[in-house]
Amino acid sequence: SLKVVFVPFVGINSLPVRYFARNGIAISNTHWNSKYVAEKALGLSLALLGRTVEFHTLLERGIWGGFLAKEKEYQNWTSLYNKKCTILGYGSIGRDLAKLLKSFNCEITAFKRNVSDFEEENVDFVTDNLSEAIEKGEVLFFTLPLTQQTRYIINERNVQLLKDKYVINVGRGKVIKEKPFYLALKNRMIKGAAIDVWYNYPEDEKIMLPFNYPFHMLSNVVLSPHTASDAYEGITDWVDTTVLRVEKFIQTGEILNQVDLNRGY
């Protein structure tokens with residue numbers, strides 16, 4: 001007799017979606033965390049381009065970056081100001097992220113499936129063509145959900161699209177295939193990456209690495225343990241929005257933010 005499952009977050013890729021679809025069970029998710037994920041994405045981009053983690057690690061060994069650096073390769077970092085940014089997966093997170101990026105005078109391209117009647121004041125260009133979207137950006141923000149259409153949307157055949165780009169992924173790890181991604185970063189084909197979403201996740205609080213290739217050995221990578229939603233301030237939003245959806249369904253039968261089970265979001 002189950003009619004609806006209320007999910008207190010966005011992603012549903014860990015749920016038996018096909019079973020739900022076959023049995024007419026609806027899913028209601030929430031987007032309470034979009035502003036926090038956007039903030040984390042911005043922070044990761046600043047850490048990556050600013051070489052914050054890299055310079056921190058060097059200074060722990062007494063090696064100075066910046067104008068005091070003896071080696072030229074450690075002297076400078078890259079500013080986000082006036083960069084061309086592409087947001088791949090332009091939903092609620094993308095909208096909040098675009099607002100933040102505009103304060104850095106960034107030119108913003110949005111990549112989304114449906115571009116008809118699209119009008120956003122913070123977006124300069126919109127496209128449903130992946131190659132075009134990536135080509136336009138110097139800094140790429142992946143906020144895509146994991147669906148049949150987005151799984152390994154970046155793979156061995158097209159990883160060359162990321163050449164000379166910075167990549168920030170706060171969507172799902174498996175939208176980018178791991179091995180070609182790692183090799184492109186190792187060979188410096190990709191300038192750098194800040195990654196919050198991964199390929200392996202622990203069970204029962206086990207200690208484990210989130211990848212199968214040594215991303216942590218690369219100085220042009222910033223690692224984050226899937227924490228984009230975990231702001232202290234977000235706990236109240238998380239509870240309130242979920243309870244609101246349950247109450248609405250009990251009172252009226254209406255399902256707020258019902259997921260399209262065929263699309264997966």
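Me: Which residues in α2 meet which ones in α4?
Reply: Bearing in mind that this is a predicted model, S34, K35, V37, A38, E39, A41 and L42 are the α2 residues that meet α4, where their partners are S92, I93, D96, L97, L100 and L101. Sorted by class, this contact of α2 with α4 has 8 nonpolar, 2 polar and 3 charged residues.

Me: And at what angle do α2 and α4 pack?
Reply: The angle is about 50°, and the axes of α2 and α4 (residues 92-102) lie 8 Å apart. The two helices, α2 and α4, are therefore oblique to each other, and the crossing in which α2 passes α4 is right-handed.

Me: Switching topic, how many residues line the second largest pocket?
Reply: Its lining has 24 residues, with E54, L218, S219, N220 and V221 lying nearest the centre of the second largest pocket. Two or more lining residues come from each of α2 (34-49), α3 (52-60) and β9 (221-223), and α3 gives the largest share, 4 residues.

Me: How much space lies in that second largest pocket, and what is its lining like by class?
Reply: The second largest pocket holds about 500 Å³ of space, and its lining is made up of 12 nonpolar, 6 polar and 6 charged residues.

Methods:
Residues are numbered from 1 along each chain as its sequence is written. This is a predicted model: local features need pLDDT of at least 70, side-chain atom pairs count only at pLDDT 80 or more; totals for chains, interfaces and linings use all residues. Side-chain values use heavy atoms; hydrogens and water are left out. On a 1 Å grid over the protein atoms alone, a cavity is a set of points where a 1.4 Å probe fits but cannot get out, and a pocket is an open set with protein on both sides within 12 Å along at least five of seven lines; lining residues have an atom within 4 Å of a point. Grid points are joined across faces, edges and corners, and a volume is the space filled by probe spheres set on the points. Ala, Val, Leu, Ile, Met, Phe, Trp, Tyr, Cys and Pro count as nonpolar, Asp, Glu, Lys and Arg as charged, and the others, Gly among them, as polar. Axes are lines fitted to C-alpha atoms, for helices over the stretch in contact, and angles run from 0 to 180 degrees between N-to-C directions. Angles under 35 degrees count as roughly parallel, over 145 as roughly antiparallel, 65 to 115 as roughly perpendicular and the rest as oblique. A crossing is left-handed if the near helix is turned anticlockwise from the far one by less than a right angle, and right-handed if clockwise. Contact means heavy atoms within 4.5 Å.
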